[in-house]
Amino acid sequence: MINFEVKNLLGEVKLLSPFYMEDERGYFLKTIEKDVFKKWGLNVEIQEIFETYSKQKVIRGLHFQTKDPQTKIVRVIKGRIHDVVVDLRKGSPDFGKSLDVILNDEERNSLWIPAGFAHGFEVLSEDALVSYQCIGKYQKEFDTGICWNDKELAVKWETKDPIVSDKDAALMSFREFVEKYGGL
């Protein structure tokens, strides 16, 4: 049996290890416990939950909302991903810095991504099923991002010749984001 553990990463980005118990029947997994999260200062007023299915070599991101950014809790249900976040918070000492973490279905960890961070991932396994739990309302008109291969951010993607949507390929550069918004 493993109890909840929380590890600080970049800014308020946290790696969450869930409550996990396994026996001959299978396993039991608890990814959120409001009181435990509250002790760590994490508000879990979930607005929406969704999941994505992606094939190997797919890169999604780097996404965020310019108005009322969402906090996200990201977990891999099946597969293995290279998850990337970029601090876009105006005035943050980590502004423009990125962090990458491997998430997979074996370790069952979640990544707590506070409001004000861009988020994206690449699929390293044959395929991946990724769950998002979002705090804050999704607002399509403010949904945007920074291009996954922005030279200034210099994220070290593992995938060569990735599969990227037309929308993601046309996202702004980090420099354009700074000039237009100055931060979140």
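**A close look at the sheets**

Guide: Six strands form an open sheet in the order β1-β2-β10-β7-β12-β5, and the pairing is antiparallel. The model is predicted, so local features need pLDDT of at least 70 and side-chain atom pairs count only at pLDDT 80 or more, while totals for chains, interfaces and linings use all residues. Residues are numbered from 1 along each chain as its sequence is written, and side-chain values use heavy atoms, with hydrogens and water left out.

Helices (H or I, at least four residues) and strands (E, at least two) are DSSP runs, numbered from the N terminus. Two strands pair if DSSP finds at least two bridges between them. In general, strands of a sheet pair through backbone hydrogen bonds, either parallel or antiparallel.

Now zoom in on one pair. Strand β2 (residues 14-17) and strand β10 (residues 110-113) are joined by 3 bridges in the antiparallel sense. Here Leu15 stands opposite Leu111 in β10.

Ser110 also belongs to strand β10. Is Ser110 buried or exposed? Ser110 counts as buried, because its relative accessibility is 4%. Buried means under 20% relative accessible area, exposed means over 50%, and partly exposed lies in between (1.4 Å probe, protein chains only). Leaving aside neighbours within four places in sequence, Ser110 is in contact (heavy atoms within 4.5 Å) with Lys14, Leu15, Leu16, Ile73, Val74 and Arg75.

There is another open sheet. Its 5 strands follow the order β9-β8-β11-β6-β13, with antiparallel pairing. The edges are β9 (98-104) and β13 (143-145); each has a single partner strand, so one side of each has no neighbour in the sheet. From one strand to the next, the twist averages 30 degrees. Strand β8 (residues 80-87) runs antiparallel to β9, and 7 bridges join them. Arg80 has Asn104 in β9 as its bridge partner.

Next, the helix α3 (residues 174-181). Phe174 and Phe177 are 3 residues apart in this helix, so about one helical turn separates them. They form a tilted aromatic pair, with 6.3 Å centre to centre and 35 degrees between the planes. Rings of Phe, Tyr and Trp (its six-membered ring) pair if their centres lie within 6.5 Å; planes under 30 degrees apart count as stacked, over 60 as edge-to-face and the rest as tilted. Phe177 and Tyr181 form a tilted pair too, at 5.7 Å and 35 degrees. Phe177 is buried, with 0% relative accessible area, while Tyr181 is partly exposed at 28%. Phe64, Phe95, Phe174, Phe177 and Tyr181 make up one aromatic cluster.

Finally, the whole chain. It holds 3 helices and 13 strands. Of its 184 residues, 49% count as buried. Among contacts between residues at least 6 apart in sequence, 77% join residues at least 24 apart. The C-alpha trace spans about 55 × 35 × 25 Å along its principal axes.

How values were computed
Axes are lines fitted to C-alpha atoms, for helices over the stretch in contact, and angles run from 0 to 180 degrees between N-to-C directions.
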